[in-house]
Amino acid sequence: MRIEIKSEEHSFRLILPTGLVFTPLGFTVAKGAIKVKGLDLTSLKWKDVRSIKKAVKKCKKANPDWYLVDVESASGERVRIKL
């Protein structure tokens, strides 16, 4: 997984192995760290994450240049997440 954030002043790139993100430990850490109003991750189980992992793997295999998120603002700031 590659996370890129670019603006006129700053540029940031974070590279994480996708397999690490979808492990039980990675899932547990992310589940506790993600705080979004209106999003309840407590009912999400490991079986659900396995299904998501399979779907992501299938999409990545079918299209290697697939971006999960690719957003660019009018001011030139950009956020991209590639799996």
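## Basis of the description

Two strands are paired if DSSP finds at least two bridges between them. Helices (H or I, at least four residues) and strands (E, at least two) are DSSP runs, numbered from the N terminus. This is a predicted model: local features need pLDDT of at least 70, side-chain atom pairs count only at pLDDT 80 or more, and totals for chains, interfaces and linings use all residues. Residue numbers start from 1 along each chain as its sequence is written, and side-chain values use heavy atoms, with hydrogens and water left out.

## Overall layout

The protein chain contains 3 helices and 4 strands, arranged from the N terminus as β-β-α-α-α-β-β. Its C-alpha trace spans about 40 × 35 × 20 Å along the principal axes.

## Sheet

The 4 strands make an open sheet in the order β2-β1-β4-β3, with antiparallel pairing. Strands β2 (11-15) and β3 are at the edges with a single partner strand each, so one side of each has no neighbour in the sheet. From one strand to the next, the twist averages 5° (axes are lines fitted to C-alpha atoms, for helices over the stretch in contact, and angles run from 0 to 180 degrees between N-to-C directions).

Strand β1 (residues 2-6) pairs with β4 in the antiparallel sense over 5 bridges, and Ile5 stands opposite Val79 in β4. Strand β4 (residues 78-82) also pairs with strand β3 (residues 67-72), in the antiparallel sense and over 5 bridges. Here Asp70 has Arg80 in β4 as its bridge partner. β3 and β4 form a hairpin with 5 residues between them, and Gly76 in the turn has a positive phi of about 95°.

## Leu20 and helix α1

Helix α1 (residues 18-21) includes Leu20. Leu20 counts as partly exposed because its relative accessibility is 49%; buried means under 20% relative accessible area, exposed over 50%, and partly exposed in between (1.4 Å probe, protein chains only). The C-alpha atoms of Leu20 and Met1 are separated by 9.4 Å, with the two residues 19 apart along the chain.

## Burial, contacts and charge

Of the 83 residues of the protein chain, 16% count as buried. The chain exposes about 6700 Å², 60% of it supplied by carbon and sulfur atoms (Shrake-Rupley method, 1.4 Å probe). Among contacts (heavy atoms within 4.5 Å) with a separation of 6 or more, 34% involve residues 24 or more positions apart.

There are 18 positive and 9 negative side chains, and the centres of the two sets lie 15 Å apart. Lys and Arg count as positive and Asp and Glu as negative, while His and the chain ends are not counted.

Conventions: The place of a charge is taken as NZ of Lys, CZ of Arg, CG of Asp or CD of Glu.
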